[in-house]
Amino acid sequence: MNTQVSYLPGLDNLKKLPDDDVQEFSKNGHTLVHGVLSKDEIDAYRPVIAGAADRYNTEKRKLEERDTYGKAFLQIMNLWRVDEDVKKFVLAKRMAKIAADLMGVENVRLYHDQALFKEPGGGPTPWHQDQYYWPIDTHNTVTMWMPLIDIDVDMGMLTFASKSYFDGAVFNHEISDESETLFDDYVNDKQFEISRAKTMKAGDATWHRGFTIHNAPGNDSDKMREIMTIIYVADGARITPYKNEWQKNDHEKWLMGKPIGGLIDSDLNPKLL
Ligand SMILES: O=C(O)CCC(=O)C(=O)O
């Protein structure tokens with residue numbers, strides 16, 4: 001007999017975002033919002049997201065057989081397309097509204113989601129800028145990064161170079177040992193303040209701009225660092241010509257190859273507000 005009770009709370013009710021968070025995001029390019037999901041809500045969604053991440057993970061190599069990028073995390077993309085329960089989380093208005101309020105816009109669209117699970121012993125995530133990968137004509141993009149379990153600094157806490165988004169794209173480098181070295185020198189030269197939470201509760205979330213330089217240390221614990229991310233883009237943004245092969249790939253994969261110069265409005269990019 002199946003005794004499992006499948007109940008998922010709706011996440012379309014909105015939460016007032018503290019003014020301090022909006023100001024910090026605008027000033028530093030990142031902020032941490034506490035209690036985006038309540039304990040009961042994250043307890044309900046965690047097994048759904050972690051289960052889907054496990055089912056759709058295609059990485060089977062041992063950690064020591066992978067390169068720096070491969071060691072950083074298991075990356076499972078657009079789970080909302082394959083799992084109806086995860087879809088309720090990814091398309092939720094509550095998180096979309098926080099994204100809109102942080103960016104100061106009325107409407108946002110989904111770019112894509114990704115589960116980023118750093119395994120016990122998993123390596124550091126090198127410094128990078130997310131928007132290097134995106135063929136998008138606006139700086140009004142934001143990534144939500146939400147732990148599904150309580151995490152502390154030893155588990156690979158996301159780390160930001162405050163105010164580093166102002167100059168837009170800094171280097172033409174993908175996430176790699178090279179990006180780590182170059183950005184590290186850049187961040188030191190510019191004397192950006194480095195910001196990293198000591199702990200985060202399941203259901204808290206950090207939010208960072210597409211050009212905010214960020215990295216994460218390795219996971220020195222014996223637990224999986226379970227993170228779900230959602231990337232939002234301001235409605236009205238358009239597709240730009242590719243600046244690198246990764247953007248070409250993103251155009252096909254996350255924007256359904258819609259015309260360059262046209263609006264980001266494919267079926268993969270629903271308007272969430
Ligand atoms: O989870 C990580 O280690 C890196 C996350 C990241 O770079 C992102 O969400 O933009």
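Predicted model: local features only at pLDDT ≥ 70, side-chain atom pairs only at ≥ 80, totals over all residues.

A polar contact here is a pair of N or O atoms within 3.5 Å.

Start with the side chain of Trp 145, where an N or O atom lies 2.9 Å from an oxygen atom of the ligand. Now find His 214: its side chain also has an N or O atom 2.9 Å from a ligand oxygen. Then turn to Arg 225, whose side chain places an N or O atom 2.7 Å from an oxygen atom of the ligand. How much of the ligand does the protein bury? Taken alone, the ligand exposes 290 Å², and 97% of that is buried by the protein.

With these contacts in view, step back to the whole shell. The ligand is surrounded by 14 residues, and the closest are Thr 125, His 128, Asp 130, Trp 145 and Arg 225. If you sort the shell by class, you will find five nonpolar, six polar and three charged residues.

Where does the ligand sit? You will find it in the largest pocket. Strand E4 (125-128), strand E5 (141-147) and strand E11 (214-216) are the elements that each give two or more residues to the shell around the ligand.

Next, look at the pocket itself. The largest pocket has a volume of about 540 Å³, and 27 residues line it. Nearest its centre lie Tyr 69, Gln 75, Met 77, His 112 and Gln 114. Among the elements that give two or more residues to this lining are strand E2 (74-77), strand E3 (108-117) and strand E12 (227-234), along with E4, E5 and E11. Which element gives the most to the lining of the largest pocket? That is helix H7 (245-254), with five residues. By class, the pocket lining has 13 nonpolar, ten polar and four charged residues.

Rolling a probe the size of a water molecule over the atoms shows where empty space is left. How many cavities of 30 Å³ or more does a search of the whole structure find? The search finds one, and about 30 Å³ of space lies in this largest cavity. To locate the cavity, pick out His 139, Tyr 165, Arg 209 and Phe 211, which line it. Its lining has two nonpolar, one polar and one charged residues.

How values were computed: Residues numbered from 1 in each chain as written. Heavy atoms only, no water. Near = heavy atom within 4 Å. Polar contact = N/O pair within 3.5 Å; in protein donor to acceptor, adjacent residues only side chain to side chain. Areas by Shrake-Rupley, 256 points an atom, 1.4 Å probe, with all protein chains shown as cover. 1 Å grid on protein atoms, 1.4 Å probe; cavity = no way out; pocket = protein on both sides within 12 Å on 5 of 7 lines; lining within 4 Å. Sits in = over half its atoms within 2 Å of the grid points. Helix = DSSP H or I, 4+ residues; strand = E, 2+ residues; numbered from the N terminus. Nonpolar A, V, L, I, M, F, W, Y, C, P; charged D, E, K, R; others polar. Points joined across faces, edges and corners; volume = space filled by probe spheres on them.
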